[in-house]
Each structure stands twice: as structure tokens, then as C-alpha cells.
Amino acid sequence: LNRGDYRFASKIVVLLRDRLNKPWEAYHFVKEWKDRIPRENRHNLRALLTAGIGTINHLWNEELTSDTNLLKEALLWGNEALAIKEDAHTYCALQTVYRALNQDNRAEMCLEKAQALGKPCEVKRFVRRAPEGLLEQPAEGVEEDLPF
């Protein structure tokens, strides 16, 4: 990555999270590298952000955090990724975040959009839900609506 080959950035996140069982390291990797990937490599940035959303989902659903601000950060990363290019993988990752945030209607829209883009999502049977009342205001910088 330091030599400018960014195509492996998202694979490193998945490796850290899933194979090495170090989801917090994967999260910090995304935070570090998301601003270091240059504009001409936006497709690699989109993949990195999407892997980051998956990492936040992992941290949340495995009860490694109770910080709902991470879920809001996942929405920010999703907006940034979708602004680069609409992608079914990003919508699939976001639908889990929306379920965790008790916004099932938006989760369903993400599922429909992923299907329309040619990739049906694997829907997890269990998504840990955030307590009601904690999420009344959207995160700063998160648009009310995704680009559906």
C-alpha cells in the first residue's frame, strides 16, 4: 500500500477481521487508509469503505462494542462509497447497519437496490438492535436519504 498498490486494501481488512480475528485492527486500518487512497483510485477506496462497514457490523453484532456512533460512522462510510459508485456490496453491508439502527424500511430499500444491481444480499438471521431512543438524530454528515 505504501508503494501505491491500493487494490489489496479491502482484502487486508477482511483478512484482519475474519482470518486473524482482529476486527478492531481492521477498523483502525480502514480509518487510517481511507484518507490516504488518492482520488484516481476511487474504486479501491469504495471497496475499502465497504469492507469497513462490514467490520463495523462485525464489531456490533459480535457485541465487541455498544457504541452506536460506530453504526453512524458506517452510514457515513456508506454515503461516501455510494457517492463514488453505486455498488450492490455496499448496499448489502448498509442494510445490516440500518437493521441495527431499527430502520427496517431503509434496510429493505438497500436490499432492493442490491437486487436491482444484480447481487442479492445474504441476510443475517440475527442483527443486534440498538436500544430505541438512542438514535433519534442522524449522525452529523449523514444524509437523511441514500441515493436510491
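**Salt bridges in a predicted model**

Q: Which residue does Arg-129 form a salt bridge with?
A: Arg-129 pairs with Asp-104, and their closest N and O atoms are 2.9 Å apart. Bear in mind that this is a predicted model.

Q: Which residues are joined with them into one network?
A: Arg-99 and Glu-108 belong to the network along with Asp-104 and Arg-129, joined by salt bridges that share partners.

Q: How exposed is Arg-129?
A: Arg-129 is partly exposed, at 37% relative accessible area. Asp-104 is partly exposed too, at 31%.

Q: Switching topic: how many salt bridges does the structure hold?
A: There are 11 salt bridges.

Q: What about Arg-17, which side chain does it meet?
A: Arg-17 meets Asp-18 in a salt bridge, at 3.0 Å from N to O.

Q: Is Arg-17 buried or exposed?
A: Arg-17 counts as buried, because its relative accessibility of 12% is under the 20% cut-off.

Q: How accessible is Arg-7?
A: Arg-7 has a relative accessible area of 51%; the cut-off for exposed is over 50%, so Arg-7 is exposed. Asp-5 counts as partly exposed at 32%.

Q: Why can side chains like these pair at all?
A: Opposite charges can pair when the charged atoms come close.

How values were computed:
Residues numbered from 1 in each chain as written. Predicted model: local features only at pLDDT ≥ 70, side-chain atom pairs only at ≥ 80, totals over all residues. Heavy atoms only, no water. Salt bridge = Lys/Arg side-chain N within 4 Å of Asp/Glu carboxyl O. Buried < 20%, exposed > 50% of the residue type's maximum accessible area, 1.4 Å probe, protein only.
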